[in-house]
Amino acid sequence: MKIVVCAKIIKGEINPFDACALEIALRLSDDVTVVSMAPPSAINELTRLTRLGAKVISITDSAYAGSDTLATSYILSCAINKIDYDLIICGRQTIDGDTAQVGPSLATRLNINLITNVLDVSLNDNTLSCKTRIKDETCTLPALITVERINELRFPSIFSKAGTPMLWNNIDLKADLSKCGLNGSPTQVLKTFENEKGKRHCKFISFHELDSLIDDLLKKEKSGIEFSPSKTKLKSVWAIGKEVEQEAFAIAENVIVLDEKDPFKIAEIARKDCPDVILWSADLWGRKNAPIVASLLETGLCADCTALENDGERLYMYRPALGGNIIAKIECKTKPQMATVRTTSDFADIIVSGGKGVANKIDKLEKIALKYNAELGASRGLVDMGKIPYSAQIGLTGKTVCPKIYIAIGISGAVHHTVAIENADAIIAINPDKDARIFEYADFGIIDEF
């Protein structure tokens, strides 16, 4: 079986999700080709990958610089159309962009089957069977899958010899340059700024004060989340699913709510009705299907938006990037302007979440949740360890929550987690490390072992 792995090199190293994709490919086949859009500075890492037994193609051309996800998927499709393949494996997302758009967009351009968020994969003749974040799925080859961080990429053997990556540019690909680079990218970053949202003043307490504190906090009325309407309104906005209906009404004069349906059907209707904006929920379904529609309509898509504004004509989208460390203001130059929007999926009174610091104390974590009649949550680290199911994951790649009380136990407070809990009325952090970042985002803190 011939497998192509799409890989991005970030700061001299293969993107961790793409590393997992490569490891799966090496387990399934001895005919693996890595394709990477990369600057010349990535050549050392790409050469290292040849020591694993993979062929490597480095796509480098100054005309491709600044490509967004739509342009990137187009360039990759031009390259992969020159290669024989049965299966394409991509990491779910990159750690710098976090959009999860290239895989679905690429599969659409190549007109092949797609399965996303894969946790496990097996092959029987021409049928691919995958366990995903949502359900078990099967499809026939050729196909493209996007995989989670489910393994570790092997090290090269000390006896392995490095090969020479093939270098392709646009002379080889013959891509339409109007669809490449900055000029061919419908989404453009207008500005970026450091993400300081969510910081709080932490009052430190002891464990024996916790019960009375929770009793007092529960007596307070839930603040909820308010969506302030824009002073200016867009004429026509679609909301795909009721989850984003409220956000759509905040920016639009007229809102049409469409049921979640086949993305090819949504694209067909959009071509006919020409909406100004299409909003999607940034859940697993939306993150899979919105890029498909974007590719079909050749339009821009901004992922994981946390705020929207407009001037009556254009939509401006704000989203976290670089793991949430910065906020980017983005404009979509084409219509329909599209965005997946992070919506709050949980309004529980209390959520008790565990991080890697309680990996060996899951039973105790569950007892605490039961004691306070709380919903159980988890950081990505704990989910990646297989200790808690993905449905409980809270964070940039999980769900966003806004309970009355959020209790973070053994969670360090990485930005991709704190961006998803900033709407909680009260945050209580329990961590033995007094310098843990989580305390900067908590109202109350306990410095102690759990």
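Visitor: Across which strands does helix H8 lie?

Guide: This is a predicted model. In it, helix H8, residues 263-273, lies across E14 and strand E16 (277-281). Its direction runs at about 170 degrees to E14.

Visitor: What makes helix H9 a helix that packs on the sheet, and which strands does it touch?

Guide: Helix H9 covers residues 284-297 and touches E14, E16, E17 and strand E21 (337-341). Contact means heavy atoms within 4.5 Å. The direction of H9 makes about 155 degrees with that of E16.

Visitor: In what order do the strands of that sheet stand, and how are they paired?

Guide: The open sheet has five strands in the order E15-E14-E16-E21-E17, and their pairing is parallel.

Visitor: Why are strand E15 and strand E17 said to stand at the edges?

Guide: Strand E15 (252-258) and strand E17 (301-305) each have a single partner strand, so one side of each is left without a neighbour in the sheet. From one strand to the next, the twist averages 25 degrees.

Visitor: How do you know that E14 and E15 are paired?

Guide: Two strands pair if there are at least two bridges between them. Six bridges join strand E14, residues 234-240, to E15, so the pair meets this condition. Within E14 and E15, Ala239 stands opposite Val257.

Visitor: Why is Asp98 called buried?

Guide: Buried means under 20% relative accessible area. Asp98 has 6% relative accessibility and therefore counts as buried. Asp98 is placed in the loop between strand E6 (87-91) and H4.

Visitor: What is the phi of Asp98?

Guide: Asp98 has a positive phi of about 60 degrees although it is not a glycine. Most residues other than glycine have a negative phi.

Visitor: Where is Asp304 placed, and is it buried or exposed?

Guide: Asp304 is in strand E17. Its relative accessibility is 1%, so Asp304 counts as buried. The phi of Asp304 is near 55 degrees, a positive value in a residue other than glycine.

Visitor: Which kind of peptide bond joins Leu141 and Pro142?

Guide: A cis peptide bond joins Leu141 and Pro142, with omega about 0 degrees. Pro142 is found in the loop between strand E9 (136-140) and strand E10 (143-147). A cis peptide bond also joins Lys335 and Pro336, and Pro336 lies in the loop between strand E20 (326-332) and E21.

Visitor: What makes strand E13 and strand E24 the edge strands of the six-strand sheet?

Guide: That open sheet has the order E13-E28-E27-E26-E23-E24, with parallel pairing. Strand E13 (203-204) and strand E24 (375-378) each pair on one side only.

Definitions and conventions
Residues are numbered from 1 along each chain as its sequence is written. This is a predicted model: local features need pLDDT of at least 70, side-chain atom pairs count only at pLDDT 80 or more; totals for chains, interfaces and linings use all residues. Side-chain values use heavy atoms; hydrogens and water are left out. Helices (H or I, at least four residues) and strands (E, at least two) are DSSP runs, numbered from the N terminus. Axes are lines fitted to C-alpha atoms, for helices over the stretch in contact, and angles run from 0 to 180 degrees between N-to-C directions. Buried means under 20% relative accessible area, exposed over 50%, partly exposed in between (1.4 Å probe, protein chains only).
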